[in-house]
Amino acid sequence: MERKIPEHIGIIMDGNGRWAKQRNLPRSEGHKAGAKVFRKICEYAGEIGVKYITFYAFSTENWRRPPEEVEALMNLFRDYLDEAEERQEENKQKGMRIHFIGHREGVPMDLISRFETTERDSRDADKIDVNIAINYGGRLEIVDAVKKIAHKVKDGEINPEDITEQDISDNIYTAGQADPDLIIRPSGEYRLSNFLIWQSAYSEFWFSDILWPDFAEADLDKAIDDFNNRNRRFGGV
Ligand code: IPE
Ligand code: IPE
Ligand code: MG
């Protein structure tokens, strides 16, 4: 039987710190290695026909980390944006449409304006939508959606009684995208850590002890093979 490729895959890129610790390196080296793997897996996902992929890069809770670690992560995002600019043509050919999802407030200003440039430059690509979740929290995403809907109620555009699940889906950061079919979390942790909590209502989960900087194309293949053996019922029989 032909292998079915999940339309949307979510990945919690976890385990960078432990990977660095195993090698007696600073945590920032783990993040650097993790960023390389992000690029590799992103390209591979496009090649095998994944339509949407969401990478969890920085959570609303990650601000609790030491300032030097937060700064190192922000600098890696800057490096990625530099590269996206340099490789604009190449990424276009690969059909990568980039979106930054998350709460913009709190993110350094220079990053926000460059998020917008990168999104605009890749707008016409149509092979794979790549969501990069930065200052992302699933609960805050729902709060943001509720605020938008509350404004529509206040302006008389919608009746409170008429609010549907679809209205929430239409007002979250991933509006218009398919919900994730498969969520992957390496590093041996068995939790969502506030990732895509609305969208994952019927996602399949795949956990592994592998640390994110060691994650390879073969691991994505393994997750997809396992996904193919799942029986998704969506509440039916
Ligand atoms: C994931 O790796 C990267 C971010 C959360 C930004 P961690 O830094 O959480 O790695 P561990 O969990 O400490 O190993
Ligand atoms: C989740 O990893 C966030 C990202 C991968 C960006 P964490 O390492 O922050 O999650 P917890 O703290 O172990 O739940
Ligand atoms: Mg972690």
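Guide: By class, three nonpolar, four polar and three charged residues line the second largest cavity (Ala, Val, Leu, Ile, Met, Phe, Trp, Tyr, Cys and Pro count as nonpolar, Asp, Glu, Lys and Arg as charged, the others, Gly among them, as polar). The model is predicted, so local features need pLDDT of at least 70 and side-chain atom pairs pLDDT 80 or more, while totals for chains, interfaces and linings use all residues. Residues are numbered from 1 along each chain as its sequence is written, chains are lettered from A and ligands numbered from 1 in the order written, and side-chain values use heavy atoms, without hydrogens and water.

The volume of this second largest cavity is about 80 Å³. Its lining consists of Ala 84, Glu 85, Gln 88, Asn 91, Lys 92, Met 96, Ile 98, Thr 118, Asp 121 and Ser 122. At least two of the lining residues come from each of H3, helix H4 (88–93), strand E3 (96–101) and helix H5 (109–121) (DSSP runs numbered from the N terminus, helices being H or I of at least four residues and strands E of at least two). H4 contributes the most, three residues.

The whole structure holds three cavities of 30 Å³ or more. On a 1 Å grid over the protein atoms alone, a cavity is a set of points where a 1.4 Å probe fits but cannot get out, a pocket is an open set with protein on both sides within 12 Å along at least five of seven lines, and lining residues have an atom within 4 Å of a point. Points are joined across faces, edges and corners, and volume is the space filled by probe spheres set on them.

The largest cavity has about 100 Å³ of space. Around it are Phe 38, Arg 39, Cys 42, Glu 43, Tyr 80, Glu 83, Ala 84, Arg 87, Asn 91 and Met 96. H2 and H3 each give at least two residues to the largest cavity, and H2 gives the most, four. Its lining has five nonpolar, one polar and four charged residues.

Those two helices also pack against each other: H2 (residues 27–48) and H3 (residues 67–86) meet at about 30 degrees, with axes 10 Å apart (lines fitted to C-alpha atoms over the stretch in contact, with angles from 0 to 180 degrees between N-to-C directions). They are therefore roughly parallel, the word for angles under 35 degrees. Their contact (heavy atoms within 4.5 Å) involves Arg 27, Ser 28, His 31, Lys 32, Phe 38 and Arg 39 of H2 with Glu 69, Ala 72, Leu 73, Leu 76, Asp 79, Tyr 80 and Glu 83 of H3. Five nonpolar, two polar and six charged residues make up this contact.

Helix H1 (16–22), H2, strand E2 (52–59) and H3 each supply at least two of the lining residues, and H2 has the largest share, six. The lining divides into 14 nonpolar, nine polar and nine charged residues.

The second largest pocket has about 190 Å³ of space. Its lining comprises 13 residues, and Asp 179, Trp 198, Gln 199, Ala 201 and Tyr 202 are closest to its centre. By class, these 13 residues are five nonpolar, four polar and four charged.

Note on methods
Angles under 35 degrees count as roughly parallel, over 145 as roughly antiparallel, 65 to 115 as roughly perpendicular and the rest as oblique.
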